[in-house]
Amino acid sequence: MGALLRGAIGVANVVSLLGLVAMTAVTVVDVAGRYLFNRPLPGALELSELLMVFLVFGAFAVTELRNGHVDIDVVVTKLSPRARALCETFAALLSTAFWGAITWRTALHAQNVWRAGETTPNLSLPIAPFVWAATVGTLLFTLALVVRTLAALRRVVRP
Amino acid sequence: MSSTGIGALGIAIMLLLMAFRVPIGVSMGVVGFFGFAYLSGWNAALAMLGLVPYGNVASFTLTVLPLFVLMGHFATMAGLSQELYDTANRWFGHFRGGLAMATVVACGGFAAICGSSLATAATMGTIALPEMRKVGYNAKLATGCVAAGGTLGILIPPSVMFLIYGFLTEQSIGKLFLAGIAPGIVLVALFVVTIAVVTWVNPVLGPAMVRTPVLERIKALRRVWAVIALFFVVIGGMYFGVFTATEAAAVGAFGAFLFAAARRRVTWRSLTDALVATTTTTAMIFGILIGAIILGYFMAVTKVPMALAAFFSRLPVSATWVMIFIIITYVILGGLMDSLAMVLLTVPIFFPVVQALGYDPIWFGVMLVILVEVGLITPPIGMNVFVISGMSKEVSIQGVFLGTSPFLIAMGLLLALLMLFPDLALFIPRTMK
């Protein structure tokens, strides 16, 4: 796999971890502020929502690298190595197409949000950058799936 | 073809895709997309594809999910599982099969601070399996009780499964969590009885240990105060309305982290491991969830769930028989499918049926979670069994499945108890405002 893609996925992973830490911190500070100092954190709810974007979309690609996305392995294990590789190629190709389509449509959605100038209700943060961030996450996921497809294809040719 | 027929065809294609190892989320998403496009037009389907992923991730409802997963990982990091096991051993070790009983009791305790069955099984497995094998416990009994005990993770709150069910059916997370407590405790008791019976029939399986003096046992109870404190803050906080579910989860995760820090168990490595395990689990769940939501759009336009609900409510048999039919369906599906996929796929279909028959949605949530537990330890796909057999080199997957089989009887008994006395699940949530 390209060192560049691996590096980008590594960065996304760190962003995802920071999103998780920040989300925990925001919620704890909000609760502590409300009960201890009678001053809740303004906009804690929508901050959590936006941090979820980093957490989830940042982690898709690295989860793919670690084989974390669930599939069912009942039928395929009984096939020959080449037929199995063919199934894997098909599955990876379909996954690539699906997440590629999601990336495409999420990018269009980001554009619409950008043009409409949508902002969050309490803190008036612009939403578009977060949708773009989500697009980057699904793009990295799609690219990781392309790599998987090619690897499976190689095993069809030379099992 | 009628739209209901298209829906049935879609489901068949989806199952075929899954059989050929297309990831579960993609199988649901692809069928959902094309089905929805066929019935409602390409423009609507493409628009949905752009809105569903971002819209459901950037939504407050599910922020609670990663936080509860994190709490479980931090609790493991803090070593709370070891303390639970040591204490349970002092109380149960001197019985025949006592270490196995201690294992399921400790699993129940750990389930009170961890929302995942796999994590509960894996955590208790690393501690209990070596101890049991060291003193000559039968390998099938040892692995079976960890795999079965681990399933308690999703019945005793917090619980990832209750979160997903609550999200799908718009039920109160707090009520669902509380409804799991009493059945969870009963199931622990039934597991202990199961072990007692199994080792009574064949005492070689699990020899008794030396009895610990009562005074020492009572002293040992103090060691589990961290678990009790966390459980009380998190679940008590939700019960008394001090916290929302998300707040309770964040406070619980933070609290578990503090315990880990106080015990000097936070290293850079252990911390990043816990965080990465949480984000990848969350991404995995959302990968399936996004596919399931897209499939849900398709199912809604086919009207399959409503047609099924109408069909079942008009059947000339009592609601009990329909429920038994649903239970049997879940037992079969649970053997064949991943638990999360099963819940995401079936709840939108069965929930309208259950409602039309007049069953309580919270009660059905508890039944569903127990059925998911059954699915986690029944062949051919039993995730808990896979995890435990991966940890224990000396027992085959079939061996672990054999070891878990007596515990299925206990689960069946609990389901029957809940059918006869729904209040077993409902009496605690009823007291909540």
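In this predicted model, 54 residues of chain B are in contact with 54 residues of chain A. Together the two chains bury about 4700 Å², and 79% of that area lies on carbon and sulfur atoms. Charged pairing across the boundary amounts to 1 salt bridge under the rule applied.

One salt bridge that joins the chains is formed by A:Arg34 and B:Glu247, whose closest N and O atoms are 2.9 Å apart. B:Glu247 also touches A:Asp30, a residue placed in helix 1 of chain A, which spans residues 3-36. What is the nearest side chain of opposite charge to A:Asp30, and how far away is it? It is A:Arg34, at 4.4 Å. Because a salt bridge requires a nitrogen of Lys or Arg within 4 Å of a carboxyl oxygen, this distance leaves A:Asp30 without a salt bridge, although the residue is buried. Apart from residues up to four places away in sequence, the contacts of A:Asp30 also include A:Pro40, A:Leu41 and A:Ala44.

B:Val242 is situated in the loop between helix 12 (225-239) and helix 13 (245-262) of chain B. With a relative accessibility of 32%, B:Val242 is classed as partly exposed.

Most residues other than glycine have a negative phi, and most peptide bonds are trans. A:Asn38 is not a glycine, yet its phi is positive, at about 60°. This residue occupies the loop between helix 1 and helix 2 (44-65) of chain A, and its relative accessibility of 67% makes it exposed. A:Ser124 likewise has a positive phi, near 55°. A:Ser124 is located in the loop between helix 3 (81-116) and helix 4 (128-157) of chain A, where it is partly exposed at 47% relative accessibility.

In chain B, attention turns to peptide bonds between prolines. The bond from B:Pro157 to B:Pro158 is cis, with omega near -5°. B:Pro158 belongs to the loop between helix 8 (139-150) and helix 9 (160-169). A cis bond also joins B:Pro379 and B:Pro380, here with omega of about 0°. B:Pro380 is part of the loop between helix 18 (361-376) and helix 19 (383-391).

The helices of chain B also hold buried residues. B:Ala128, in helix 7 (residues 117-134), has a relative accessibility of 0% and is therefore counted as buried. Which residues does B:Ala128 touch, leaving aside those up to four places away in sequence? They are B:Tyr85, B:Thr103 and B:Val146. The C-alpha atoms of B:Ala128 and B:Val188 are separated by 16 Å, the two residues being 60 apart along the chain. B:Asp86 is a residue of helix 5 (residues 80-92) and is buried, with a relative accessible area of 19%. Although B:Asp86 and B:Ala106 are 20 residues apart along the chain, their C-alpha atoms are separated by 8.7 Å.

A final topic is the pairing of charges within each chain. Side chains of opposite charge can pair when their charged atoms come close. Over all chains, the search finds 8 salt bridges. Among them is the pair A:Glu88 and A:Arg155, with an N to O distance of 2.5 Å. Because A:Glu88 lies in helix 3 and A:Arg155 in helix 4 of chain A, the pair ties together parts that are 67 residues apart in sequence. A:Glu88 is partly exposed at 21% relative accessibility, and A:Arg155 is partly exposed at 39%.

In chain B, B:Arg269 forms a salt bridge with B:Asp273, with closest N and O atoms 3.6 Å apart. B:Arg269 is exposed at 60% relative accessibility, whereas B:Asp273 is partly exposed at 41%. B:Arg430 and B:Asp423 also form a salt bridge, their closest N and O atoms being 2.8 Å apart. Here B:Arg430 is exposed, with a relative accessible area of 54%, and B:Asp423 is partly exposed, with 41%.

Terms used: Residues are numbered from 1 along each chain as its sequence is written. Chains are lettered from A and ligands numbered from 1 in the order in which they are written. This is a predicted model: local features need pLDDT of at least 70, side-chain atom pairs count only at pLDDT 80 or more; totals for chains, interfaces and linings use all residues. Side-chain values use heavy atoms; hydrogens and water are left out. Helices (H or I, at least four residues) and strands (E, at least two) are DSSP runs, numbered from the N terminus. Buried means under 20% relative accessible area, exposed over 50%, partly exposed in between (1.4 Å probe, protein chains only). Lys and Arg count as positive and Asp and Glu as negative; His and the chain ends are not counted. Contact means heavy atoms within 4.5 Å. Buried area is the accessible area (1.4 Å probe) that two parts lose on being put together, summed over both.
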